[in-house]
Amino acid sequence: MEIIKKTNKSILVLWFIVIVLIILTFVFKFLVKNESVVSFLLSLTGVTAMLAIALHNFSKIDKSTKETISAILESSKKQIEEFRRFIQEIKEINLGLSNVSKSLEVVSKDIQTRQRQTPSLYATFGGNFNQIDLKSGEEHEIELLVRNSGVIAATNPSWTIFFPPEIKVIETKGVDIVPQGRGTKHEGYIGVCIDQSIISAKTRCLFRIKIKTEPTTIGLFEIPYNCSSENSPHNADKLLINFIG
């Protein structure tokens, strides 16, 4: 009678494990989406269910069959032990990921703090436009705005704005003209260089230059530029001029 009670208790435990395994299978199937783990869990669920069924009939079979079932139970111990190790590995992985996440959060906050404490340099056309439309074949005076949108002043900032060969720079004030020679990144372009000793936070400076194109110069042209200062990272971007015939 004692053996039967122990057997019934073992059957309940095995079916409970089957239910847990089924829940884990759904979790890894639809939430984690790890097919290899799903396959392993399904295999283990089948083995556990077979053990429960076999144990249920254990008391109703003869001695030789009981010995066979006992052998099956013994061979299944390895799979059960493997499952236990798998659960422990998952716990260790989750702990490691949690530590990595906390470290990345600290690094991210540090980077954001540093970015808030540096100048932010860029350039636009007058009116804060990144693109302007001009009539081709005519002379135009355009405004260039160099800006520092950061919270601290930029020390020795400089901007270089590159005009392609199709656009002739014919007059400038307060800026330097540097033709881009062979081997440079913008070979054949004209570099308009703007240097300042300092530009305060939330400040802009206006410069005017005159340009001209041939009547056949029609379409959208990119105007690349670079800017940097002693206390800010290098920045590269572009402006656009659309020449209309």
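A residue counts as exposed when its relative accessible area is over 50%, and as buried when that area is under 20%. This cut-off is needed for one residue below. The model described here is predicted. The protein has 3 helices and 12 strands.

**Overall build**
- The protein has 245 residues, and 31% of them are buried.
- Take the contacts with a separation of 6 or more: residues 24 or more positions apart account for 70% of them.

**The six-stranded sheet**
- Strands of a sheet pair through backbone hydrogen bonds, either parallel or antiparallel.
- Here, 6 strands form an open sheet with mixed pairing. Their order is β2-β12-β11-β5-β8-β7.
- Strands β2 (131-135) and β7 (176-179) are the edge strands, and each pairs on one side only.
- On average, neighbouring strands of this sheet are turned by 25° against each other, direction ignored.

- Strand β5 covers residues 158-163, and strand β11 covers residues 219-229.
- These two strands, β5 and β11, pair in the antiparallel sense over 4 bridges.
- Ser158 has Ser228 in β11 as its bridge partner.

- Phe30 has 52% relative accessibility, so Phe30 counts as exposed.

Note on methods
Residues are numbered from 1 along each chain as its sequence is written. This is a predicted model: local features need pLDDT of at least 70, side-chain atom pairs count only at pLDDT 80 or more; totals for chains, interfaces and linings use all residues. Side-chain values use heavy atoms; hydrogens and water are left out. Buried means under 20% relative accessible area, exposed over 50%, partly exposed in between (1.4 Å probe, protein chains only). Contact means heavy atoms within 4.5 Å. Two strands pair if DSSP finds at least two bridges between them. Axes are lines fitted to C-alpha atoms, for helices over the stretch in contact, and angles run from 0 to 180 degrees between N-to-C directions.
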